[in-house]
Amino acid sequence: MKLIQFSFTCSRPVPFYAQLCNDYLANQTLEITIGYDKNRYLIEAVGTQPQLEALADQIAKDFLLSIWLVDSTVKEIRHREGRVVPLLTSPHHLPFCSYCEPALGDNQSELFGEISIACSHCHGETSVEASVDYKQIQQWAEAVIKTGHVTFSLPLANNHQHEFHLSRGPIATTRNQRQQVIICNPNNVPMHFIVPSLHVLALSSLEKPRVTVRAKQHHAQLDQPLYDLCFSYNRILTVLTEILRVRGIDYLHIETNHQQPLIARINKGWSQVCSDPVTHPLVPFKSVEPLHDQACINGLNAYWSKRRIRFDYQPNHSNDAPAHTLPICALHGGMLESGVGRHSAAIYFGRYCAGEIVSQDKFTRTDTFLVMPNLPRSGSEMIATLAAGEQAEVLAKFKHQIPVSYNALNKLVLNECNDQLSGLFALAAIILGLSKSSQDNVQYLNDALIAKSLQNADNKGHRVDFSLDMVDSKRTIDWAKMVGSLMSFCLVVDEVDYDKLAFGIMDSLADYIANWIERMDETTGIKAVTLAGSDFANEVLADRICLRVGKNFPIVVNRKLELDGSNLSAGALFLKMRRR
(Lines give C-alpha, C1' and ligand atoms only; values in the text may rest on other atoms or scores of the structure.)
Protein backbone atom coordinates (compact mmCIF):
# COMPACT_ATOMS: atom_id res chain seq x y z
CA MET A 1 0.00 0.00 0.00
CA LYS A 2 1.31 3.42 -0.97
CA LEU A 3 0.27 6.97 -0.16
CA ILE A 4 0.28 8.95 -3.41
CA GLN A 5 -0.26 12.67 -3.88
CA PHE A 6 -1.58 14.23 -7.09
CA SER A 7 -1.03 17.99 -7.17
CA PHE A 8 -2.08 20.69 -9.63
CA THR A 9 -0.41 24.07 -9.22
CA CYS A 10 -2.22 26.95 -10.93
CA SER A 11 -1.61 30.66 -11.39
CA ARG A 12 -5.15 31.50 -10.26
CA PRO A 13 -8.10 29.59 -8.75
CA VAL A 14 -9.72 27.07 -11.10
CA PRO A 15 -13.23 26.37 -9.72
CA PHE A 16 -13.68 23.22 -11.82
CA TYR A 17 -10.57 21.69 -10.23
CA ALA A 18 -12.01 22.41 -6.78
CA GLN A 19 -15.28 20.68 -7.74
CA LEU A 20 -13.35 17.65 -9.04
CA CYS A 21 -11.45 17.41 -5.75
CA ASN A 22 -14.76 17.43 -3.89
CA ASP A 23 -16.19 14.78 -6.23
CA TYR A 24 -13.22 12.47 -5.58
CA LEU A 25 -13.59 12.97 -1.85
CA ALA A 26 -17.28 12.05 -1.99
CA ASN A 27 -17.28 9.23 -4.52
CA GLN A 28 -14.00 7.31 -4.34
CA THR A 29 -13.80 4.04 -2.40
CA LEU A 30 -10.12 4.67 -1.58
CA GLU A 31 -9.01 6.66 1.46
CA ILE A 32 -8.99 10.12 -0.12
CA THR A 33 -7.91 13.47 1.29
CA ILE A 34 -7.98 16.74 -0.64
CA GLY A 35 -6.53 20.18 -0.16
CA TYR A 36 -6.07 23.65 -1.62
CA ASP A 37 -3.41 26.17 -0.67
CA LYS A 38 -1.87 29.00 -2.67
CA ASN A 39 -3.52 27.89 -5.93
CA ARG A 40 -2.35 24.28 -5.45
CA TYR A 41 -4.99 21.53 -5.58
CA LEU A 42 -4.26 18.17 -3.92
CA ILE A 43 -5.72 14.68 -4.09
CA GLU A 44 -4.10 12.08 -1.87
CA ALA A 45 -4.93 8.36 -1.80
CA VAL A 46 -3.79 5.10 -0.21
CA GLY A 47 -4.09 1.92 -2.27
CA THR A 48 -2.47 -0.95 -4.08
CA GLN A 49 -0.50 -0.41 -7.27
CA PRO A 50 -3.43 -1.39 -9.57
CA GLN A 51 -5.85 0.80 -7.61
CA LEU A 52 -3.54 3.80 -7.78
CA GLU A 53 -2.87 3.30 -11.50
CA ALA A 54 -6.61 3.23 -12.15
CA LEU A 55 -7.01 6.38 -10.07
CA ALA A 56 -4.23 8.10 -12.00
CA ASP A 57 -5.90 7.26 -15.32
CA GLN A 58 -9.20 8.63 -14.01
CA ILE A 59 -7.62 11.86 -12.77
CA ALA A 60 -5.82 12.34 -16.10
CA LYS A 61 -9.18 12.11 -17.88
CA ASP A 62 -11.11 14.32 -15.48
CA PHE A 63 -8.64 17.16 -14.93
CA LEU A 64 -9.00 18.91 -18.26
CA LEU A 65 -6.16 21.23 -19.20
CA SER A 66 -6.58 24.74 -17.81
CA ILE A 67 -4.69 27.73 -19.16
CA TRP A 68 -3.92 28.54 -15.51
CA LEU A 69 -2.27 25.16 -14.86
CA VAL A 70 1.42 25.79 -14.16
CA ASP A 71 2.60 22.37 -12.99
CA SER A 72 1.23 18.93 -12.12
CA THR A 73 3.01 16.20 -10.18
CA VAL A 74 2.44 12.66 -8.92
CA LYS A 75 4.62 11.48 -6.06
CA GLU A 76 4.72 9.13 -3.09
CA ILE A 77 4.52 10.92 0.25
CA ARG A 78 4.84 9.93 3.92
CA HIS A 79 2.33 12.31 5.47
CA ARG A 80 -0.90 13.76 4.16
CA GLU A 81 -1.32 17.48 3.56
CA GLY A 82 -5.02 17.28 2.71
CA ARG A 83 -8.13 16.71 4.78
CA VAL A 84 -11.52 15.03 4.46
CA VAL A 85 -13.25 18.42 4.25
CA PRO A 86 -14.81 19.65 0.96
CA LEU A 87 -13.20 22.71 -0.60
CA LEU A 88 -15.06 26.00 -0.73
CA THR A 89 -15.42 26.96 -4.38
CA SER A 90 -17.10 29.35 -6.78
CA PRO A 91 -19.40 28.18 -9.62
CA HIS A 92 -17.38 27.13 -12.66
CA HIS A 93 -20.00 27.56 -15.45
CA LEU A 94 -18.37 24.83 -17.57
CA PRO A 95 -20.75 23.94 -20.45
CA PHE A 96 -19.21 20.53 -21.22
CA CYS A 97 -16.33 18.28 -20.22
CA SER A 98 -14.51 15.16 -21.39
CA TYR A 99 -17.51 13.01 -20.47
CA CYS A 100 -20.43 14.79 -22.14
CA GLU A 101 -18.72 16.60 -25.02
CA PRO A 102 -17.92 13.44 -27.07
CA ALA A 103 -21.50 12.24 -26.62
CA LEU A 104 -23.28 15.45 -27.66
CA GLY A 105 -20.65 16.88 -30.02
CA ASP A 106 -19.49 13.91 -32.12
CA ASN A 107 -21.66 13.25 -35.17
CA GLN A 108 -20.94 9.50 -34.82
CA SER A 109 -22.48 9.41 -31.33
CA GLU A 110 -26.04 8.20 -30.79
CA LEU A 111 -26.61 11.22 -28.58
CA PHE A 112 -25.22 13.74 -31.07
CA GLY A 113 -27.11 17.02 -30.82
CA GLU A 114 -28.71 16.22 -27.44
CA ILE A 115 -27.60 19.51 -25.92
CA SER A 116 -29.61 18.98 -22.73
CA ILE A 117 -27.84 15.71 -21.87
CA ALA A 118 -27.13 15.60 -18.12
CA CYS A 119 -23.52 15.33 -16.96
CA SER A 120 -22.68 14.35 -13.41
CA HIS A 121 -19.19 15.83 -13.75
CA CYS A 122 -19.62 19.36 -15.16
CA HIS A 123 -23.42 19.79 -14.92
CA GLY A 124 -23.27 21.72 -18.18
CA GLU A 125 -26.95 21.00 -18.85
CA THR A 126 -27.85 23.74 -16.35
CA SER A 127 -26.67 26.43 -18.75
CA VAL A 128 -28.57 25.16 -21.80
CA GLU A 129 -31.48 27.14 -23.24
CA ALA A 130 -34.52 24.85 -23.19
CA SER A 131 -36.14 26.38 -26.29
CA VAL A 132 -33.24 25.34 -28.55
CA ASP A 133 -33.11 21.78 -29.86
CA TYR A 134 -31.17 19.83 -32.46
CA LYS A 135 -33.68 20.68 -35.19
CA GLN A 136 -33.19 24.40 -34.58
CA ILE A 137 -29.40 24.03 -34.69
CA GLN A 138 -29.71 22.14 -37.99
CA GLN A 139 -31.73 25.03 -39.41
CA TRP A 140 -29.02 27.48 -38.39
CA ALA A 141 -26.38 25.28 -40.01
CA GLU A 142 -28.43 25.11 -43.24
CA ALA A 143 -28.69 28.91 -43.22
CA VAL A 144 -24.89 29.17 -43.08
CA ILE A 145 -24.49 26.67 -45.91
CA LYS A 146 -27.15 28.27 -48.16
CA THR A 147 -26.77 31.99 -47.44
CA GLY A 148 -23.30 32.16 -45.91
CA HIS A 149 -24.42 33.55 -42.57
CA VAL A 150 -26.86 33.20 -39.67
CA THR A 151 -27.93 35.36 -36.72
CA PHE A 152 -29.48 34.13 -33.49
CA SER A 153 -29.57 34.97 -29.79
CA LEU A 154 -29.61 33.01 -26.55
CA PRO A 155 -30.91 34.30 -23.21
CA LEU A 156 -28.55 34.98 -20.32
CA ALA A 157 -29.18 35.73 -16.66
CA ASN A 158 -30.58 39.13 -15.60
CA ASN A 159 -32.48 39.58 -18.89
CA HIS A 160 -29.30 39.82 -20.97
CA GLN A 161 -29.16 38.38 -24.49
CA HIS A 162 -26.17 36.57 -25.99
CA GLU A 163 -26.29 37.54 -29.66
CA PHE A 164 -24.42 35.65 -32.38
CA HIS A 165 -23.74 36.54 -35.98
CA LEU A 166 -21.83 33.80 -37.84
CA SER A 167 -20.59 34.26 -41.38
CA ARG A 168 -18.41 32.45 -43.88
CA GLY A 169 -16.93 35.80 -44.90
CA PRO A 170 -15.63 38.82 -42.98
CA ILE A 171 -18.13 40.72 -40.83
CA ALA A 172 -18.00 44.50 -41.05
CA THR A 173 -17.70 45.94 -37.54
CA THR A 174 -18.58 49.51 -36.65
CA ARG A 175 -16.09 49.67 -33.77
CA ASN A 176 -12.97 48.90 -35.86
CA GLN A 177 -12.34 45.72 -33.90
CA ARG A 178 -10.14 42.83 -34.93
CA GLN A 179 -11.96 40.09 -36.82
CA GLN A 180 -13.06 37.17 -34.61
CA VAL A 181 -13.02 33.59 -35.90
CA ILE A 182 -14.53 30.41 -34.44
CA ILE A 183 -13.00 27.11 -35.55
CA CYS A 184 -15.24 24.32 -36.86
CA ASN A 185 -12.49 21.84 -37.75
CA PRO A 186 -9.56 21.97 -35.29
CA ASN A 187 -7.56 19.51 -37.43
CA ASN A 188 -7.41 22.02 -40.29
CA VAL A 189 -6.31 25.06 -38.26
CA PRO A 190 -2.71 24.87 -39.67
CA MET A 191 -4.14 25.17 -43.20
CA HIS A 192 -5.40 28.67 -42.42
CA PHE A 193 -3.52 30.09 -39.42
CA ILE A 194 -0.03 30.16 -37.94
CA VAL A 195 -0.72 28.94 -34.42
CA PRO A 196 2.13 28.06 -32.01
CA SER A 197 1.69 24.80 -30.10
CA LEU A 198 1.11 26.58 -26.78
CA HIS A 199 -1.71 28.57 -28.37
CA VAL A 200 -3.30 25.38 -29.72
CA LEU A 201 -3.31 23.94 -26.20
CA ALA A 202 -4.86 27.15 -24.88
CA LEU A 203 -7.63 27.03 -27.48
CA SER A 204 -8.39 23.46 -26.39
CA SER A 205 -8.34 24.25 -22.66
CA LEU A 206 -11.44 24.12 -20.48
CA GLU A 207 -11.64 27.96 -20.48
CA LYS A 208 -11.92 28.08 -24.30
CA PRO A 209 -10.32 31.56 -24.52
CA ARG A 210 -9.54 33.72 -27.51
CA VAL A 211 -5.94 33.90 -28.72
CA THR A 212 -4.48 36.24 -31.32
CA VAL A 213 -2.73 34.64 -34.31
CA ARG A 214 -1.67 35.35 -37.87
CA ALA A 215 -3.38 33.98 -40.94
CA LYS A 216 -1.27 32.04 -43.42
CA GLN A 217 0.46 34.35 -45.89
CA HIS A 218 -1.36 34.84 -49.19
CA HIS A 219 -4.49 33.09 -47.91
CA ALA A 220 -7.31 33.39 -50.41
CA GLN A 221 -9.95 34.58 -47.92
CA LEU A 222 -8.08 35.72 -44.78
CA ASP A 223 -6.49 39.06 -45.64
CA GLN A 224 -6.28 40.68 -42.18
CA PRO A 225 -2.89 40.76 -40.41
CA LEU A 226 -4.19 39.20 -37.16
CA TYR A 227 -7.30 37.32 -36.02
CA ASP A 228 -8.73 36.41 -32.63
CA LEU A 229 -9.39 32.66 -32.67
CA CYS A 230 -11.55 30.50 -30.43
CA PHE A 231 -13.00 27.00 -30.40
CA SER A 232 -16.68 26.32 -29.68
CA TYR A 233 -17.42 27.31 -26.10
CA ASN A 234 -21.00 26.22 -25.44
CA ARG A 235 -23.07 23.17 -26.27
CA ILE A 236 -25.04 24.83 -29.06
CA LEU A 237 -21.92 26.09 -30.84
CA THR A 238 -20.31 22.66 -30.37
CA VAL A 239 -23.14 20.92 -32.23
CA LEU A 240 -23.42 23.68 -34.85
CA THR A 241 -19.70 23.68 -35.68
CA GLU A 242 -19.66 19.87 -35.87
CA ILE A 243 -22.49 19.90 -38.42
CA LEU A 244 -20.59 22.48 -40.46
CA ARG A 245 -17.30 20.59 -40.12
CA VAL A 246 -18.90 17.52 -41.69
CA ARG A 247 -20.11 19.77 -44.52
CA GLY A 248 -16.55 20.94 -45.20
CA ILE A 249 -16.49 24.29 -43.38
CA ASP A 250 -13.29 24.80 -41.37
CA TYR A 251 -14.03 28.14 -39.68
CA LEU A 252 -16.54 30.97 -39.42
CA HIS A 253 -16.25 34.65 -38.69
CA ILE A 254 -18.15 35.46 -35.52
CA GLU A 255 -19.52 38.66 -34.05
CA THR A 256 -21.06 38.57 -30.58
CA ASN A 257 -21.88 41.04 -27.82
CA HIS A 258 -20.29 38.78 -25.17
CA GLN A 259 -16.88 37.50 -26.23
CA GLN A 260 -14.70 34.85 -24.66
CA PRO A 261 -11.80 36.14 -22.53
CA LEU A 262 -8.78 37.25 -24.55
CA ILE A 263 -5.43 35.93 -23.29
CA ALA A 264 -1.80 36.62 -24.15
CA ARG A 265 1.47 34.85 -23.44
CA ILE A 266 3.53 37.01 -21.06
CA ASN A 267 6.64 36.05 -19.12
CA LYS A 268 6.22 32.30 -19.78
CA GLY A 269 2.59 32.14 -18.71
CA TRP A 270 -0.90 33.11 -19.81
CA SER A 271 -2.46 36.39 -18.72
CA GLN A 272 -6.02 37.49 -19.28
CA VAL A 273 -6.13 40.76 -21.18
CA CYS A 274 -9.83 41.42 -20.68
CA SER A 275 -13.10 39.55 -20.26
CA ASP A 276 -16.84 40.13 -20.19
CA PRO A 277 -18.06 40.38 -16.58
CA VAL A 278 -21.62 39.47 -17.65
CA THR A 279 -20.67 36.01 -18.92
CA HIS A 280 -17.40 35.44 -17.05
CA PRO A 281 -17.64 36.65 -13.44
CA LEU A 282 -14.27 37.10 -11.79
CA VAL A 283 -13.26 34.71 -9.00
CA PRO A 284 -12.62 36.34 -5.57
CA PHE A 285 -9.11 36.07 -4.16
CA LYS A 286 -7.41 36.60 -0.80
CA SER A 287 -5.66 39.90 -0.22
CA VAL A 288 -4.26 42.18 2.42
CA GLU A 289 -6.77 44.75 3.64
CA PRO A 290 -7.01 47.72 1.24
CA LEU A 291 -7.40 51.44 1.95
CA HIS A 292 -10.91 51.60 0.46
CA ASP A 293 -13.85 49.23 0.78
CA GLN A 294 -14.93 49.66 -2.83
CA ALA A 295 -13.60 51.00 -6.14
CA CYS A 296 -15.25 50.97 -9.57
CA ILE A 297 -13.32 51.53 -12.80
CA ASN A 298 -15.02 51.34 -16.20
CA GLY A 299 -18.08 49.56 -14.77
CA LEU A 300 -16.12 46.81 -12.99
CA ASN A 301 -16.53 47.20 -9.24
CA ALA A 302 -14.01 45.74 -6.78
CA TYR A 303 -14.93 45.50 -3.11
CA TRP A 304 -13.43 44.14 0.10
CA SER A 305 -15.39 41.43 1.92
CA LYS A 306 -14.39 38.55 4.21
CA ARG A 307 -10.66 39.07 3.62
CA ARG A 308 -11.11 38.78 -0.12
CA ILE A 309 -11.33 41.14 -3.05
CA ARG A 310 -14.53 40.44 -4.95
CA PHE A 311 -16.02 41.88 -8.11
CA ASP A 312 -19.39 42.76 -9.56
CA TYR A 313 -20.51 44.59 -12.67
CA GLN A 314 -21.96 48.10 -12.32
CA PRO A 315 -21.96 49.58 -15.83
CA ASN A 316 -23.62 52.85 -14.80
CA HIS A 317 -21.28 53.55 -11.87
CA SER A 318 -18.91 56.49 -12.36
CA ASN A 319 -15.18 55.90 -11.99
CA ASP A 320 -13.87 56.15 -8.43
CA ALA A 321 -10.39 57.15 -9.64
CA PRO A 322 -9.45 59.76 -12.26
CA ALA A 323 -7.79 58.64 -15.48
CA HIS A 324 -4.35 60.00 -14.58
CA THR A 325 -4.17 57.65 -11.55
CA LEU A 326 -4.87 54.45 -13.50
CA PRO A 327 -1.18 53.55 -14.07
CA ILE A 328 -0.72 53.76 -10.28
CA CYS A 329 -3.79 51.54 -9.86
CA ALA A 330 -2.19 49.11 -12.32
CA LEU A 331 0.98 49.10 -10.21
CA HIS A 332 -0.96 48.29 -7.03
CA GLY A 333 -3.01 45.60 -8.77
CA GLY A 334 0.02 44.02 -10.40
CA MET A 335 1.94 43.82 -7.14
CA LEU A 336 -0.93 42.43 -5.02
CA GLU A 337 0.09 38.81 -5.43
CA SER A 338 3.84 39.30 -5.03
CA GLY A 339 3.46 41.62 -2.05
CA VAL A 340 6.39 43.76 -3.24
CA GLY A 341 4.62 47.14 -2.96
CA ARG A 342 7.58 49.33 -2.07
CA HIS A 343 10.46 49.75 -4.53
CA SER A 344 8.28 48.71 -7.48
CA ALA A 345 7.53 49.95 -10.97
CA ALA A 346 4.74 49.48 -13.50
CA ILE A 347 4.72 49.85 -17.26
CA TYR A 348 1.17 50.71 -18.33
CA PHE A 349 0.42 50.68 -22.06
CA GLY A 350 -3.34 50.43 -22.42
CA ARG A 351 -6.56 51.87 -23.76
CA TYR A 352 -7.93 53.71 -20.74
CA CYS A 353 -5.36 56.49 -20.28
CA ALA A 354 -2.01 57.79 -21.47
CA GLY A 355 0.81 55.26 -21.41
CA GLU A 356 3.13 55.73 -18.45
CA ILE A 357 5.99 54.20 -16.51
CA VAL A 358 5.46 54.78 -12.79
CA SER A 359 7.20 53.79 -9.57
CA GLN A 360 6.70 53.56 -5.82
CA ASP A 361 9.51 54.23 -3.33
CA LYS A 362 10.19 52.86 0.16
CA PHE A 363 7.74 55.36 1.65
CA THR A 364 5.03 54.23 -0.85
CA ARG A 365 5.26 57.59 -2.58
CA THR A 366 4.47 57.26 -6.28
CA ASP A 367 6.14 59.03 -9.16
CA THR A 368 5.79 59.10 -12.93
CA PHE A 369 9.07 58.56 -14.78
CA LEU A 370 7.70 58.71 -18.33
CA VAL A 371 4.49 59.57 -20.17
CA MET A 372 3.86 58.65 -23.78
CA PRO A 373 4.19 61.61 -26.18
CA ASN A 374 1.09 63.64 -26.96
CA LEU A 375 1.07 63.21 -30.73
CA PRO A 376 -0.73 65.56 -33.08
CA ARG A 377 -4.13 64.01 -33.80
CA SER A 378 -3.73 64.08 -37.58
CA GLY A 379 -0.98 63.06 -39.94
CA SER A 380 -1.02 66.44 -41.65
CA GLU A 381 -0.20 68.12 -38.32
CA MET A 382 2.60 65.60 -37.77
CA ILE A 383 4.06 66.40 -41.18
CA ALA A 384 3.91 70.14 -40.43
CA THR A 385 5.71 69.60 -37.11
CA LEU A 386 8.38 67.44 -38.74
CA ALA A 387 8.87 69.91 -41.59
CA ALA A 388 9.45 72.75 -39.13
CA GLY A 389 12.05 70.86 -37.08
CA GLU A 390 15.27 68.88 -37.32
CA GLN A 391 13.59 66.12 -39.35
CA ALA A 392 12.76 68.38 -42.30
CA GLU A 393 15.51 66.98 -44.55
CA VAL A 394 14.71 63.30 -43.98
CA LEU A 395 11.00 64.09 -44.36
CA ALA A 396 11.63 65.67 -47.77
CA LYS A 397 13.62 62.61 -48.92
CA PHE A 398 10.92 60.30 -47.58
CA LYS A 399 8.25 62.26 -49.48
CA HIS A 400 10.25 62.03 -52.70
CA GLN A 401 11.32 58.36 -52.50
CA ILE A 402 8.34 56.77 -50.72
CA PRO A 403 5.36 58.94 -51.73
CA VAL A 404 2.73 56.23 -51.02
CA SER A 405 3.66 56.04 -47.33
CA TYR A 406 3.96 59.84 -47.14
CA ASN A 407 0.44 60.27 -48.52
CA ALA A 408 -0.89 57.64 -46.10
CA LEU A 409 0.74 59.54 -43.23
CA ASN A 410 -0.94 62.72 -44.43
CA LYS A 411 -4.34 61.00 -44.07
CA LEU A 412 -3.73 59.42 -40.67
CA VAL A 413 -6.20 60.28 -37.87
CA LEU A 414 -5.44 59.16 -34.30
CA ASN A 415 -8.27 60.80 -32.34
CA GLU A 416 -8.37 59.74 -28.68
CA CYS A 417 -5.33 57.39 -28.72
CA ASN A 418 -2.77 60.05 -29.57
CA ASP A 419 -1.17 59.74 -26.10
CA GLN A 420 -1.05 55.94 -26.09
CA LEU A 421 1.47 53.43 -27.36
CA SER A 422 -1.07 52.20 -29.91
CA GLY A 423 -1.05 55.67 -31.48
CA LEU A 424 2.74 55.67 -31.74
CA PHE A 425 2.73 52.17 -33.23
CA ALA A 426 0.01 53.16 -35.72
CA LEU A 427 2.26 56.00 -36.84
CA ALA A 428 5.18 53.57 -37.21
CA ALA A 429 3.04 51.17 -39.27
CA ILE A 430 2.11 53.99 -41.66
CA ILE A 431 5.77 54.87 -42.20
CA LEU A 432 6.57 51.22 -42.92
CA GLY A 433 3.92 51.22 -45.66
CA LEU A 434 1.60 48.80 -43.87
CA SER A 435 -1.56 50.83 -44.36
CA LYS A 436 -4.55 50.06 -46.54
CA SER A 437 -6.53 53.16 -47.31
CA SER A 438 -9.87 51.51 -46.57
CA GLN A 439 -8.70 50.01 -43.26
CA ASP A 440 -6.49 52.65 -41.70
CA ASN A 441 -7.84 52.48 -38.16
CA VAL A 442 -5.46 52.24 -35.22
CA GLN A 443 -6.35 48.60 -34.46
CA TYR A 444 -5.55 47.49 -38.02
CA LEU A 445 -2.27 49.43 -38.13
CA ASN A 446 -1.11 47.98 -34.81
CA ASP A 447 -2.03 44.49 -35.99
CA ALA A 448 -0.14 45.03 -39.23
CA LEU A 449 2.98 46.10 -37.33
CA ILE A 450 2.77 43.09 -34.98
CA ALA A 451 2.21 40.67 -37.87
CA LYS A 452 5.15 42.13 -39.76
CA SER A 453 7.41 41.77 -36.70
CA LEU A 454 6.30 38.15 -36.27
CA GLN A 455 7.65 37.41 -39.74
CA ASN A 456 11.15 38.15 -38.46
CA ALA A 457 12.53 34.71 -37.62
CA ASP A 458 15.99 35.56 -36.24
CA ASN A 459 14.95 37.96 -33.42
CA LYS A 460 17.31 40.65 -34.69
CA GLY A 461 16.25 44.08 -35.80
CA HIS A 462 17.39 47.62 -36.54
CA ARG A 463 18.02 50.08 -33.71
CA VAL A 464 15.25 52.71 -33.74
CA ASP A 465 15.69 55.93 -31.75
CA PHE A 466 13.44 56.38 -28.70
CA SER A 467 15.33 59.26 -27.09
CA LEU A 468 13.80 61.12 -24.16
CA ASP A 469 12.48 64.67 -24.30
CA MET A 470 11.03 67.07 -21.71
CA VAL A 471 7.61 68.51 -22.56
CA ASP A 472 5.62 70.54 -20.01
CA SER A 473 8.04 69.40 -17.29
CA LYS A 474 7.25 65.75 -18.07
CA ARG A 475 9.69 63.17 -19.39
CA THR A 476 8.47 61.69 -22.68
CA ILE A 477 9.64 60.12 -25.93
CA ASP A 478 10.87 62.47 -28.65
CA TRP A 479 8.40 61.19 -31.23
CA ALA A 480 9.76 63.38 -34.03
CA LYS A 481 13.26 61.96 -33.57
CA MET A 482 11.79 58.44 -33.51
CA VAL A 483 9.90 59.10 -36.74
CA GLY A 484 13.00 60.59 -38.35
CA SER A 485 15.00 57.51 -37.34
CA LEU A 486 12.36 55.23 -38.81
CA MET A 487 12.14 57.19 -42.05
CA SER A 488 15.92 57.05 -42.41
CA PHE A 489 15.86 53.27 -42.17
CA CYS A 490 13.04 53.04 -44.73
CA LEU A 491 15.16 55.03 -47.17
CA VAL A 492 18.09 52.59 -46.99
CA VAL A 493 16.58 49.22 -46.00
CA ASP A 494 15.17 46.94 -48.69
CA GLU A 495 11.41 46.50 -48.31
CA VAL A 496 11.80 42.72 -47.98
CA ASP A 497 13.65 43.39 -44.71
CA TYR A 498 10.89 45.53 -43.20
CA ASP A 499 10.09 42.62 -40.88
CA LYS A 500 13.43 43.30 -39.16
CA LEU A 501 12.52 46.96 -38.97
CA ALA A 502 9.10 46.22 -37.45
CA PHE A 503 10.74 43.89 -34.94
CA GLY A 504 13.42 46.50 -34.28
CA ILE A 505 10.78 49.05 -33.27
CA MET A 506 9.57 46.82 -30.44
CA ASP A 507 12.98 45.49 -29.46
CA SER A 508 14.48 48.99 -29.41
CA LEU A 509 11.64 50.32 -27.26
CA ALA A 510 12.12 47.39 -24.87
CA ASP A 511 15.85 48.13 -24.66
CA TYR A 512 15.23 51.81 -23.94
CA ILE A 513 12.68 50.85 -21.26
CA ALA A 514 15.26 48.55 -19.65
CA ASN A 515 17.69 51.50 -19.48
CA TRP A 516 14.99 53.76 -18.04
CA ILE A 517 14.15 51.21 -15.34
CA GLU A 518 17.84 51.12 -14.42
CA ARG A 519 17.80 54.91 -14.05
CA MET A 520 14.72 54.61 -11.84
CA ASP A 521 16.52 51.99 -9.78
CA GLU A 522 19.33 54.46 -9.03
CA THR A 523 16.91 56.89 -7.38
CA THR A 524 13.98 54.76 -6.20
CA GLY A 525 15.40 51.28 -5.89
CA ILE A 526 13.38 48.84 -8.01
CA LYS A 527 12.77 45.32 -6.72
CA ALA A 528 10.14 44.27 -9.28
CA VAL A 529 8.41 45.51 -12.43
CA THR A 530 4.83 44.74 -13.42
CA LEU A 531 3.33 44.95 -16.91
CA ALA A 532 -0.19 46.25 -17.42
CA GLY A 533 -2.49 47.42 -20.18
CA SER A 534 -4.14 45.96 -23.25
CA ASP A 535 -1.13 46.78 -25.47
CA PHE A 536 0.69 43.87 -23.82
CA ALA A 537 -1.58 41.59 -25.82
CA ASN A 538 1.19 42.33 -28.33
CA GLU A 539 3.24 39.23 -27.50
CA VAL A 540 6.31 40.44 -29.41
CA LEU A 541 6.54 43.59 -27.30
CA ALA A 542 5.79 41.68 -24.09
CA ASP A 543 8.45 39.09 -24.90
CA ARG A 544 11.13 41.69 -25.67
CA ILE A 545 10.38 43.73 -22.53
CA CYS A 546 10.45 40.61 -20.36
CA LEU A 547 13.77 39.66 -21.94
CA ARG A 548 15.38 43.10 -21.73
CA VAL A 549 14.02 44.33 -18.39
CA GLY A 550 14.01 40.83 -16.90
CA LYS A 551 17.81 40.61 -17.13
CA ASN A 552 18.13 42.87 -14.10
CA PHE A 553 14.67 43.04 -12.49
CA PRO A 554 12.02 40.43 -11.67
CA ILE A 555 8.97 40.73 -13.92
CA VAL A 556 5.76 40.38 -11.91
CA VAL A 557 2.42 39.56 -13.53
CA ASN A 558 -0.62 39.08 -11.30
CA ARG A 559 -2.39 36.34 -13.27
CA LYS A 560 -5.41 36.42 -10.97
CA LEU A 561 -6.27 39.78 -12.51
CA GLU A 562 -6.70 41.10 -16.03
CA LEU A 563 -4.08 43.25 -17.73
CA ASP A 564 -6.57 46.04 -18.40
CA GLY A 565 -9.67 45.62 -16.27
CA SER A 566 -9.88 43.99 -12.86
CA ASN A 567 -6.26 44.99 -12.11
CA LEU A 568 -7.30 48.65 -12.26
CA SER A 569 -10.36 48.18 -10.05
CA ALA A 570 -8.48 46.07 -7.50
CA GLY A 571 -5.52 48.45 -7.56
CA ALA A 572 -7.80 51.43 -6.98
CA LEU A 573 -8.69 49.92 -3.60
CA PHE A 574 -5.11 50.73 -2.54
CA LEU A 575 -4.92 54.20 -4.10
CA LYS A 576 -3.83 56.90 -1.65
CA MET A 577 -6.50 59.40 -2.58
CA ARG A 578 -9.38 60.92 -0.69
CA ARG A 579 -12.85 60.22 -2.04
CA ARG A 580 -15.53 62.88 -2.18
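Visitor: Why is His 162 called buried?

Guide: Its relative accessibility is 8%. Buried means under 20% relative accessible area, exposed over 50%, and partly exposed in between (1.4 Å probe, protein chains only). So His 162 counts as buried at 8%. The model is predicted: local features need pLDDT of at least 70, side-chain atom pairs count only at pLDDT 80 or more, and totals for chains, interfaces and linings use all residues. Residues are numbered from 1 along each chain as its sequence is written, and side-chain values use heavy atoms, with hydrogens and water left out.

Visitor: What makes the pair His 162 and Thr 256 a polar contact?

Guide: Their side chains are 3.2 Å apart. A polar contact is a pair of N or O atoms within 3.5 Å; within protein, one must be able to donate a hydrogen and the other to accept it, and residues adjacent in sequence count only if both atoms are side-chain atoms. The pair of His 162 and Thr 256 is such a contact. A polar atom of the His 162 side chain also lies 3.0 Å from the backbone oxygen of His 258.

Visitor: Which residues is His 162 in contact with, leaving aside neighbours within four places in sequence?

Guide: Among them are Phe 152, Leu 154, Tyr 233 and Asn 257. Contact means heavy atoms within 4.5 Å.

Visitor: Why is H11 called roughly antiparallel to H12?

Guide: The axes of H11 (residues 403–411) and H12 (residues 421–431) cross at roughly 150 degrees and come within 8 Å. Axes are lines fitted to C-alpha atoms, for helices over the stretch in contact, and angles run from 0 to 180 degrees between N-to-C directions. Angles under 35 degrees count as roughly parallel, over 145 as roughly antiparallel, 65 to 115 as roughly perpendicular and the rest as oblique. That makes H11 roughly antiparallel to H12. Ser 405, Ala 408 and Leu 409 of H11 meet Leu 427, Ile 430 and Ile 431 of H12.

Visitor: How do you know that S1 and S3 pair?

Guide: Eight bridges join S1 (residues 2–10) to S3 (residues 40–47). Two strands pair if DSSP finds at least two bridges between them.

Visitor: What makes S2 and S4 edge strands?

Guide: The open sheet has the order S2-S3-S1-S4. S2 (31–37) and S4 (69–76) each pair on one side only. The twist averages 10 degrees from one strand to the next.

Note on methods. Helices (H or I, at least four residues) and strands (E, at least two) are DSSP runs, numbered from the N terminus.
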